[in-house]
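Subject: Structure for you to look at

Hi,

Here is the structure I promised to hand over. Please open it first, then read my notes below.

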Number of protein chains: 4
Amino acid sequence: MATIKIITAGESHGPQLTGIIEGIPSNLELSEDYINIQLKRRQIGYGRGGRMKIESDKARILSGVRWGKTLGSPITLVVENKDWSNWEKAMSSKEDAEGTKEPVLRPRPGHADLAGAIKYNFQDIRNVLERSSARETAMRVSVGAVCRKLLESFGIQVGSFVIRIGSVGRDYVENAQLVELFDAAEGSPVRCPFLDDSKGMVELIDAVSGEGDSIGGVFEVFALNVPVGLGSYVHWDRRLEGRLAQALMSIQAVKGVEVGLGFEMARRWGSEVMDEIFYEKGFYRATNSAGGIEGGMSNGEPIVLRAAMKPIPTQKKPLRSVDISSKAPVAAAYERSDVCAVPACSVIAEAMVSIIVADALLEKFGGDSIEETKRNVDSYRGYIRGF
Amino acid sequence: MATIKIITAGESHGPQLTGIIEGIPSNLELSEDYINIQLKRRQIGYGRGGRMKIESDKARILSGVRWGKTLGSPITLVVENKDWSNWEKAMSSKEDAEGTKEPVLRPRPGHADLAGAIKYNFQDIRNVLERSSARETAMRVSVGAVCRKLLESFGIQVGSFVIRIGSVGRDYVENAQLVELFDAAEGSPVRCPFLDDSKGMVELIDAVSGEGDSIGGVFEVFALNVPVGLGSYVHWDRRLEGRLAQALMSIQAVKGVEVGLGFEMARRWGSEVMDEIFYEKGFYRATNSAGGIEGGMSNGEPIVLRAAMKPIPTQKKPLRSVDISSKAPVAAAYERSDVCAVPACSVIAEAMVSIIVADALLEKFGGDSIEETKRNVDSYRGYIRGF
Amino acid sequence: MATIKIITAGESHGPQLTGIIEGIPSNLELSEDYINIQLKRRQIGYGRGGRMKIESDKARILSGVRWGKTLGSPITLVVENKDWSNWEKAMSSKEDAEGTKEPVLRPRPGHADLAGAIKYNFQDIRNVLERSSARETAMRVSVGAVCRKLLESFGIQVGSFVIRIGSVGRDYVENAQLVELFDAAEGSPVRCPFLDDSKGMVELIDAVSGEGDSIGGVFEVFALNVPVGLGSYVHWDRRLEGRLAQALMSIQAVKGVEVGLGFEMARRWGSEVMDEIFYEKGFYRATNSAGGIEGGMSNGEPIVLRAAMKPIPTQKKPLRSVDISSKAPVAAAYERSDVCAVPACSVIAEAMVSIIVADALLEKFGGDSIEETKRNVDSYRGYIRGF
Amino acid sequence: MATIKIITAGESHGPQLTGIIEGIPSNLELSEDYINIQLKRRQIGYGRGGRMKIESDKARILSGVRWGKTLGSPITLVVENKDWSNWEKAMSSKEDAEGTKEPVLRPRPGHADLAGAIKYNFQDIRNVLERSSARETAMRVSVGAVCRKLLESFGIQVGSFVIRIGSVGRDYVENAQLVELFDAAEGSPVRCPFLDDSKGMVELIDAVSGEGDSIGGVFEVFALNVPVGLGSYVHWDRRLEGRLAQALMSIQAVKGVEVGLGFEMARRWGSEVMDEIFYEKGFYRATNSAGGIEGGMSNGEPIVLRAAMKPIPTQKKPLRSVDISSKAPVAAAYERSDVCAVPACSVIAEAMVSIIVADALLEKFGGDSIEETKRNVDSYRGYIRGF
């Protein structure tokens with residue numbers, strides 16, 4: 001990222017998740033309630049395990065906002081662990097709590113467990129899994145909500161929907177009505193806008209759950225009304241699709257990312273997938289195979305991305321592993337987990353896309369107060385109308 | 001990137017491409033010949049247009065190397081434009097050459113042309129296309145070769161092969177013999193290791209070419225013998241797969257990236273895609289669905305990535321566009337171009353993977369001389385054996 | 001910074017200061033008590049105003065440390081505002097608290113007040129001064145303590161002492177016995193190791209205080225036992241003295257920074273200030289005019305820096321200013337403040353030096369666990385012995 | 001730096017110096033002639049050694065500029081070594097030239113020589129001194145000229161003058177008429193605007209030269225018409241004085257940096273050094289002790305900095321050293337060098353200040369074309385008038 005700086009912190013069962021976001025202009029309206037709506041969206045979805053049901057996450061704002069508006073200074077967000085009293089010893093920062101919890105010795109395939117223990121020289125895998133857990137995405141969603149609020153000031157909307165769970169669903173939706181699909185998805189237990197698919201997905205999750213297994217899927221995430229010209233072709237690390245790809249691929253369990261038609265474009269001929277250019281009171285396209293990005297830049301069409309989430313690797317049905325201490329064959333550890341987290345993953349992906357687009361927007365338009373950034377964006381939009 | 005800094009520069013028809021790479025340890029053996037081997041690999045492949053046939057690119061080393069070894073100082077690489085005498089006026093940096101070449105006014109769909117002209121306020125699309133052109137990847141391959149040389153010091157090998165051109169080929173190769181496939185690919189005109197596929201791809205390219213159309217494809221790129229623990233789960237921007245995804249997605253025309261089984265993992269059940277853990281004189285896996293990355297880190301298995309390249313958008317068969325000056329409907333501009341560049345793209349992807357893995361390696365191991373970095377890597381490898 | 005990432009946050013009268021430090025290796029012993037020793041050192045010093053007397057700052061560790069050892073994950077530190085109950089409305093993040101405190105309209109010369117209000121578009125200068133206040137340095141000292149702990153693992157010691165308050169004291173101490181001066185300073189009310197100067201400084205502070213005025217000074221900060229070769233000459237932004245200069249100059253009210261003999265070197269002839277090179281079981285110097293840095297690198301001698309702090313601009317004796325709303329001439333606002341904060345500033349400077357040296361050390365030696373970094377440092381120190 | 005990226009490269013006697021600057025908006029007028037004016041200013045000054053007299057440096061623009069205007073793409077600058085034919089073997093990148101020049105074994109005190117050889121594991125100090133040499137500042141001046149051109153678009157002027165050489169001159173010039181002093185300095189052989197001082201400096205240099213010794217000095221560098229609000233107090237690494245301090249301290253031989261009255265402020269009382277605030281058709285100050293920076297931000301007054309340059313450590317009169325191979329006491333190596341380079345250093349400092357101010361300006365105002373950045377700056381300046 002070029003303009004916004006973010007650090008998140010916190011162990012899964014530690015006292016809290018913390019995030020600081022630096023680089024947001026002043027005078028942006030921001031409230032805890034606004035952030036909490038996104039946190040709630042992250043927690044729902046058919047197929048989640050017990051943990052999610054405890055109580056909903058709440059974010060607190062502990063710096064950078066006064067009387068409902070940002071100060072231009074770093075914004076501190078905190079999401080407390082509601083279950084901390086049960087973990088105070090096990091996750092204490094203090095030396096005298098050492099040994100109050102049995103070490104985890106059986107690395108789970110597909111997780112950070114084994115490589116993490118080797119990298120950081122741990123004899124207790126808990127020291128890895130507490131941070132590698134997708135629990136940290138609650139903070140990504142929180143800081144992403146701040147960026148989402150910034151984007152709303154400029155009429156930019158970010159959303160998502162699920163299109164595949166395991167064998168049920170589809171690979172892509174060509175030239176989709178994104179807002180309608182998003183609205184439909186918000187009413188589905190699996191965030192899938194297609195009714196039949198949605199039902200089939202729920203049934204599949206039940207079947208998978210019955211076997212003690214897990215299942216992944218594919219979702220689409222989009223951003224609407226993004227100005228032409230975010231990102232750039234002038235240097236490889238400025239390309240918007242590259243930055244978005246990193247952001248999505250960095251979500252736990254994501255193993256594939258596409259822009260626009262993605263892998264399908266590799267199957268078709270050139271004349272079938274180019275979005276021809278037309279003009280009527282402005283340039284426009286009739287199709288959007290490119291997913292709103294050409295030459296590393298937003299081209300004014302909806303930005304459309306897709307990501308594949310693998311099945312969650314923690315499973316009731318035990319996988320084979322090795323005890324890191326004795327080196328004996330064992331069944332992998334099992335921590336309470338979800339059967340399917342694709343709907344949540346799509347909400348996390350919205351947060352990551354919000355972060356990247358907000359960063360690219362501030363990179364292009366600058367501004368220390370929201371009023372200044374708006375002046376600059378408006379002036380550019382006026383210039384485009386006259387181009 | 002965290003440790004290595006790279007800037008590349010140069011217009012497609014300008015006097016030269018230039019790249020500077022900062023952060024390579026001293027005393028690494030490096031020669032122009034070594035780099036030129038990679039530049040040559042980038043230029044071959046069935047389906048390339050006329051330009052590639054001119055003469056092969058040559059890199060010159062203009063700083064940072066003395067008597068065949070790196071100095072620890074920034075390394076300057078230059079690839080000259082052999083055709084510069086024909087472009088001296090058109091691409092002159094001097095004001096008095098203004099107007100010596102007709103402006104390009106017809107933006108090509110699928111390219112940076114239109115968004116770039118708007119973003120940078122140009123009335124001549126040549127000012128965009130000269131830099132957005134994939135010509136700049138010759139410099140990526142050059143700096144990537146420096147990183148590849150560094151990786152070789154540690155026994156790390158990077159390679160690639162093509163698995164799909166348009167409708168011909170396959171989506172992935174499960175648990176592949178990577179070195180054998182690479183060796184076979186090096187002998188194929190389309191860098192595809194499967195003989196029948198290779199033939200079919202050549203035929204398809206001929207057919208597409210006959211129609212004045214273009215075609216894309218899918219390739220696999222891998223890195224072998226990467227130590228456990230490059231990248232990290234502790235913060236999202238440290239995750240190795242995210243950094244690799246950005247690097248690959250930043251290549252012109254790439255629209256999709258996968259790690260390991262990628263999108264296929266979204267179709268299967270959890271128990272089908274987890275790489276179980278075994279031990280015999282060290283931890284190992286029998287499968288590699290994860291593509292060598294778990295929890296944002298290399299896990300010691302081969303790193304396996306896949307990318308989809310869209311068809312090149314410059315086509316003989318004209319696409320509809322709009323003159324940016326008159327706003328009248330026109331046929332898009334045509335610049336001499338390739339019909340299919342997937343084999344070249346796979347070589348470029350090797351360069352990008354080399355850059356990211358080298359960066360992650362130096363991030364973990366530090367070192368100012370190659371001797372120091374080796375001491376640190378060897379010491380870590382010894383530690384792993386005792387883990 | 002290259003390797004360690006830090007963000008700090010928090011308003012002076014907000015609920016808390018927060019800091020996250022990312023990039024510290026695992027298995028480093030760390031406790032709140034250790035950090036609190038540094039926080040206490042920051043709060044003492046003759047000439048501090050009322051605020052400091054309230055109660056001593058305490059840091060809490062809320063992530064990244066378990067059972068007394070770092071986890072390799074981001075470390076969250078919090079210093080709570082003991083006076084928060086009196087500021088809950090005035091500094092609330094919630095919109096409905098708006099207007100519960102009168103706006104500050106009279107910018108103080110020498111502070112961020114006026115430029116800050118213009119930059120961020122505020123009509124209440126409190127929105128500026130809450131973050132521009134040197135209160136935030138409590139968090140710098142906290143994160144600096146983490147870096148100091150890391151440095152101690154390698155035998156590196158960081159300290160400071162005051163050499164001038166206003167007209168009392170000296171400009172530099174040539175080839176000083178740094179540890180002895182540090183020890184003496186720790187017993188002085190103004191952190192000055194020279195008894196007569198120390199007394200004179202206290203008297204001067206009393207005199208200045210009596211006039212409702214304020215006073216600054218000069219301090220020296222050093223780092224001992226730093227390995228040869230941190231920082232580099234290969235690129236300007238790698239130079240260690242530049243990074244240290246930024247770190248010190250970024251402390252509120254610091255207006256000058258020197259390395260070694262500093263400005264005095266501009267007065268002398270070359271033959272008077274070069275530290276000649278000798279050898280006896282290793283290279284050494286008899287003098288240290290260079291302050292331990294040659295060619296942008298540590299040279300193995302003590303790193304010696306000096307910084308000048310201006311008088312604190314908040315004064316009882318009113319300065320002329322202008323009401324930002326009415327534009328009428330007014331006396332500048334007065335917030336309870338210190339008469340002299342040079343002793344505290346020297347402790348803050350130790351923190352900043354600790355951060356930069358730790359960053360440069362990890363940049364050179366890498367390592368994910370403290371054991372790995374130690375192996376790498378030891379191996380390098382062995383190599384130097386054989387050079 | 002936040003917005004502009006720069007890498008420079010090149011050994012002192014290598015074929016060329018190369019620099020790439022990334023992040024300059026499009027449509028900025030730029031010519032080689034403009035850059036060469038600055039390169040020439042760097043080469044003059046009484047007290048320079050033989051090398052400077054060879055022939056003046058010339059920059060060539062090899063990318064990023066077409067027909068006299070920037071393209072928004074990375075700008076490549078090259079300054080060739082006019083003496084390359086004499087060094088082709090000694091500095092060849094090719095392995096087969098190894099041994100064609102005797103190794104340098106006698107490290108010069110005050111230089112990078114010894115620490116550099118240890119850090120990078122060299123047995124020939126030429127591998128260090130070729131890059132650590134101040135020769136590389138010719139490229140800093142070149143890229144600085146690009147930034148200077150950008151600043152001129154906004155009416156920002158950067159200049160400097162010398163105020164001390166050794167014992168001759170003064171420590172600071174309070175509330176100076178900067179433009180007049182700059183103009184006077186341009187006519188002085190030592191860039192000193194005060195006639196008597198200028199004469200005394202020349203005499204001193206002659207005396208020092210006669211002894212085979214060297215001498216340093218102090219210069220002032222300034223930037224006029226910088227908008228209020230560049231840099232920020234919200235995070236320590238955003239503070240403008242810190243970024244400027246790093247930039248100046250990173251120049252070879254600079255050992256001290258001051259902002260405004262600098263160290264003198266540590267001697268005076270608060271009421272003597274605060275720049276009170278007045279209003280008449282806008283806020284203004286009658287004094288400028290702060291040097292144009294309050295709270296880490298430009299405050300609209302001239303930015304005034306001062307730096308101390310130590311004597312050049314290469315001396316005819318030999319310093320004691322040690323042969324790195326035999327460990328025997330020897331006289332330090334002597335490479336042809338200057339007696340006094342303070343005037344040149346002040347020009348280099350102008351370049352560094354131009355880079356930092358341009359970076360901070362683009363950070364605040366964004367913009368991809370110079371027209372867009374201008375719109376944003378003008379809009380902000382209009383807003384300030386109404387504040």
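Of the 387 residues of chain A, 71% count as buried. Buried means under 20% relative accessible area, exposed means over 50%, and partly exposed lies in between (1.4 Å probe, protein chains only).

Some ground rules. This is a predicted model, in which local features need pLDDT of at least 70, side-chain atom pairs count only at pLDDT 80 or more, and totals for chains, interfaces and linings use all residues. Residues are numbered from 1 along each chain as its sequence is written, chains are lettered from A and ligands numbered from 1 in the order in which they are written, and side-chain values use heavy atoms, with hydrogens and water left out.

Chain A as a whole

Chain A has 10 helices and 17 strands. Both are DSSP runs, numbered from the N terminus: helices are H or I with at least four residues, strands are E with at least two. The C-alpha trace of chain A spans about 70 × 50 × 40 Å along its principal axes.

Now the contacts (heavy atoms within 4.5 Å). Among those in chain A with a separation of 6 or more, 72% join residues 24 or more positions apart. The accessible surface of chain A is about 11700 Å², and 48% of that belongs to carbon and sulfur atoms. Areas come from the Shrake-Rupley method with a 1.4 Å probe; for residues, only the protein chains shown count as cover.

A sheet and its helices

Strands of a sheet pair through backbone hydrogen bonds, either parallel or antiparallel. In chain A, 4 strands form an open sheet in the order β1-β2-β6-β3, with antiparallel pairing. Its edge strands are β1 (5-9) and β3 (59-63), each pairing on one side only. Two strands pair if DSSP finds at least two bridges between them. β3(A) and β6(A) (residues 75-80) pair over 4 bridges. There, A:Ile61 stands opposite A:Leu77 in β6(A).

Helix α1 (residues 32-43) of chain A lies across β3 and β6, at about 140° to β3(A). Helix α4 (residues 137-152) of chain A packs on the sheet too, touching β1, β2 (16-22), β3 and β6. Its direction makes about 145° with that of β6(A). Axes are lines fitted to C-alpha atoms, for helices over the stretch in contact, and angles run from 0 to 180 degrees between N-to-C directions.

Look at helix α7 (residues 240-249) of chain B. 10 of its 10 residues are buried, so α7(B) is largely enclosed by the rest of the structure. Among them are B:Leu240, B:Arg243 and B:Met249.

B:Asn27 has a positive phi of about 70°, although it is not a glycine. B:Asn27 sits in the loop between β2 (16-22) and α1 (32-43) of chain B. Is B:Asn27 buried or exposed? B:Asn27 is buried, with a relative accessible area of 12%.

C:Lys281 is not a glycine either, and has a positive phi of about 55°. C:Lys281 lies in the loop between β11 (277-279) and β12 (283-285) of chain C. C:Lys281 is exposed, with a relative accessible area of 85%.

Best wishes
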